[in-house]
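Visitor: Hi, I've got a structure to look through and I'm new to this. Can we go over it together?

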Amino acid sequence: MAPGGRQPGPLPVTIVGGYLGAGKTTLINAMLRRAGGRRLAVMVNEFGALPIDSSLIEAADDRIVSLTGGCVCCSYGEDLVSSLAMLAALDPRPDHVLLEASGVAFPGAISGTVGLLQDFVLDGIIVLADAETVQRRAADRYLGSTVRQQLAQADLILLNKCDLAADPEAVEAWLGDVAPSARIVRAKQADVPIEAVLGTRTDGSAVTAGRRFRDHTAGYVAAELDPPAGVDPEALARLLADPARRLLRAKGFVRRPDGAMAALQVVGSRWTVSDAPAGALPGLVCIGLKDQADPAAVRRAIREAETGARPTG
């Protein structure tokens with residue numbers, strides 16, 4: 001732990017995008033209610049359209065709203081960079097930033113800004129799609145280009161309001177063509193595990209659960225694994241991001257062949273590997289859909305990454 005109680009390393013940012021009415025506000029409020037001790041910071045474009053439920057608000061001033069559970073909300077308006085810097089300077093610092101993009105914004109452009117900032121790291125782009133209306137909006141001569149670009153820039157697409165759609169399976173198949181690199185998750189009222197949106201293991205704590213996939217919540221399973229020492233983290237991340245593994249998320253710490261610890265994160269088909277924070281312990285958490293996740297495929301990926309890290313000759 002850094003001085004002042006602040007977590008070391010860059011601050012993870014998850015961008016929440018999607019066209020107007022797709023359910024971004026519902027998702028953000030659900031994440032705040034399920035924070036589970038995480039100090040979340042929510043960034044909105046302007047306070048005039050504050051998406052936070054009033055029951056979660058404790059106090060407010062001109063720039064920042066204090067929420068229950070140590071969470072905060074702020075408006076970034078036209079100055080995203082300075083607003084992010086303000087969050088990073090808080091003591092205690094947030095554990096994670098949820099940045100809500102406006103309904104007509106391109107989340108990929110926002111992620112480009114985050115990627116330029118030394119103290120922050122992109123955790124993922126989550127784009128919500130209204131299962132009832134998304135195809136119609138994507139075909140609109142005025143709206144269609146925006147809707148399609150938002151979807152194409154997603155790491156995970158939350159296909160929301162599936163209970164209102166006549167044929168959600170057909171909508172999901174259509175999304176597979178519009179955004180072939182994104183993982184698609186069906187939902188009603190944006191009800192998904194917080195780990196699917198924010199990832200897991202934001203600190204260096206150890207994995208304590210077993211080595212098997214287990215029920216996480218309705219429709220999801222999680223695997224908490226202990227990768228052996230000497231794994232090639234880049235190879236492992238690349239393998240876990242392969243669509244054949246059918247994972248939504250993977251995050252944790254592995255020990256390289258030289259003994260150094262590496263932090264690994266996979267969201268959809270995007271992956272990153274970086275130096276682990278001081279004191280990090282080995283462990284890998286994976287989350288997927290119950291009817292798709294393949295524990296054997298994950299274990300094969302770990303074995304393959306371990307084999308690839310061994311010297312030859």
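Visitor: So, how many bridges join β2 to strand β5?
Guide: Four, and the two strands run parallel. Just so you know, this is a predicted model.

Visitor: And which residue of β5 is the bridge partner of Val44?
Guide: That's Ser75. There's another neighbour too: β2 is joined by four bridges to strand β6 (residues 96–100), again parallel. Over there, Met43 has Leu99 as its bridge partner.

Visitor: Why is β2 largely enclosed by the rest of the structure?
Guide: Five of the five residues in β2 (residues 40–44) are buried, so the strand is largely enclosed.

Visitor: Which residues sit on which side of β2?
Guide: Leu40, Val42 and Val44 are on one side, with Ala41 and Met43 on the other, and they're all buried. In a regular strand, side chains alternate between the two faces of the sheet.

Visitor: Switching topic: how many cavities of 30 Å³ or more turn up?
Guide: Two, from a search of the whole structure. The largest cavity holds about 100 Å³ of space. It has 13 lining residues, and those closest to its centre are Tyr19, Leu128, Ala129, Val134 and Val147.

Visitor: Which element gives the most to that lining of the largest cavity?
Guide: β7, with four residues.

Visitor: What about the second largest cavity, what's its volume?
Guide: About 60 Å³. Its lining has eight nonpolar residues, no polar and no charged ones. The largest share, three residues, comes from β8.

Terms used
Residues are numbered from 1 along each chain as its sequence is written. This is a predicted model: local features need pLDDT of at least 70, side-chain atom pairs count only at pLDDT 80 or more; totals for chains, interfaces and linings use all residues. Side-chain values use heavy atoms; hydrogens and water are left out. Buried means under 20% relative accessible area, exposed over 50%, partly exposed in between (1.4 Å probe, protein chains only). Two strands pair if DSSP finds at least two bridges between them. On a 1 Å grid over the protein atoms alone, a cavity is a set of points where a 1.4 Å probe fits but cannot get out, and a pocket is an open set with protein on both sides within 12 Å along at least five of seven lines; lining residues have an atom within 4 Å of a point. Grid points are joined across faces, edges and corners, and a volume is the space filled by probe spheres set on the points. Ala, Val, Leu, Ile, Met, Phe, Trp, Tyr, Cys and Pro count as nonpolar, Asp, Glu, Lys and Arg as charged, and the others, Gly among them, as polar.
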